[in-house]
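Open your viewer and get the selection tool ready.

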Amino acid sequence: MTEFRLLLTGEDSGARNMAVDEAIMREFRPGDKPTVRLYGWRPPAVTIGYFQAMGEEVNLEACSRFGVDVVRRITGGGAVFHDAELTYSFVCGEESGLVPKNILRSYSVICNSIVSGLRHLGIEAGFKPLNDVVANGKKISGNAQTRRDRVLLQHGTVLIRVDVEKMFSLLKVPDEKLLGKMIEDAKQRVTSVEEQVGREIYFEEVSQAIQQGFSENFRAELVKGGLSFGERALAEKIEKERFGSDGWTYLR
Amino acid sequence: MKGSSVHKVENGKMLRVSLEFGQGKILEAKISGDFFMHPEESIKLLEDGLRGCGLSEEALAGRIASIVEANSVQLFGFGPKDLARAIMEAVQ
């Protein structure tokens, strides 16, 4: 059976979390085992996609007031409020053949790990192109991928609980008058593990299920490991130079 | 002159365009949104490549498509015509 490295890095700041994902990708060498990392966010954070304009998407004053970190990702996609959530990242080499070269198909293959994992919680979910996993027609997971030097990084969310009102207070709304309607719309379009299973559920249980999901989907054994010295050092460097810098955060 | 637009692509993502233009041509274009582009650095090629482009939907779509093709850029969430339309909306 193929072996993957499993990293359970716990809860961390937005900048640290994103730096670790990038460090794993950049330190990856041909022949290395793929890594599945599962993590959480403390304090809560908003991340925006690489191409998003910070000023258009995030209510910085509200984030500051609530002690919510703000971070620009290296991956595209939209603005995400990370709070009661399990986040995964998956890093592998393109040459491994584990994942299709075609980006759209690769999203489907990797997201299928989430679909499998959710099934272990009794949730019937499915992949919705380009980059969503939906349960009963509502989005439960958003995903974003980047590839660099023949290495792939995909990270994504599994919403455990969602507070739509809180989410909207942190993101910019084009028209305040429409806020009520937008909140109602979002409640129709977005769901969480807790809403789907109809009971209180916490990170550990979701983590176990997602681990099983990855294992089944890729027919791999997930073996617990730690960050290498090189990964740790690079993550610190990236955290300081990139994610902690205003030049990056306010890039566009 | 300056202009901006927000354009939701049907079955796609959101495009935000911030434009500086004059004499029927783009001076500076800033494109943002929740789309994906590979490689990510291509956004700069696109914005740089749009400078001096005439402000017609056809010219814009053509310029965008040729930049994309020349640099093997992969776009997800919008196509050249969508961006051209969004730019024209910023001019209105």
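Begin by selecting helix α3 of chain B, residues 80-91: this helix lies across β1, β2 and β3 of chain B, and runs at about 55 degrees to β2(B). Keep in mind throughout that you are looking at a predicted model.

Next, colour those three strands. They form an open sheet in the order β1-β2-β3 of chain B, with antiparallel pairing. At the edges you will find β1 (2-8) and β3 (25-33) of chain B, each of which pairs on one side only. On average, neighbouring strands in this sheet are turned by 20 degrees against each other, direction ignored.

Now zoom in on β1(B) and its antiparallel partner, β2 of chain B (residues 14-22): seven bridges join the two.

In soluble globular proteins, nonpolar side chains tend to be buried together. The largest nonpolar core here has 54 residues, and those with the most contacts inside it include A:Phe243, B:Leu19, B:Met37, B:Leu60 and B:Ile87. Which helix gives this core its largest share? Select α1 of chain A, residues 14-27, which contributes seven residues.

Then centre on B:Leu60. Leaving aside neighbours within four places in sequence, B:Leu60 is in contact with B:Ile26, B:Leu50, B:Cys53, B:Gly54, B:Leu55, B:Ala84, B:Ile87 and B:Met88.

For the last stop, select A:Val36, A:Leu38, A:Val115 and A:Val206: they are among the 32 residues of another core, which lies apart from the largest one.

Methods. Residues are numbered from 1 along each chain as its sequence is written. Chains are lettered from A and ligands numbered from 1 in the order in which they are written. This is a predicted model: local features need pLDDT of at least 70, side-chain atom pairs count only at pLDDT 80 or more; totals for chains, interfaces and linings use all residues. Side-chain values use heavy atoms; hydrogens and water are left out. A nonpolar core is a set of buried Ala, Val, Leu, Ile, Met, Phe, Trp, Tyr and Cys residues joined through side-chain atoms within 4.5 Å. Buried means under 20% relative accessible area, exposed over 50%, partly exposed in between (1.4 Å probe, protein chains only). Helices (H or I, at least four residues) and strands (E, at least two) are DSSP runs, numbered from the N terminus. Contact means heavy atoms within 4.5 Å. Two strands pair if DSSP finds at least two bridges between them. Axes are lines fitted to C-alpha atoms, for helices over the stretch in contact, and angles run from 0 to 180 degrees between N-to-C directions.
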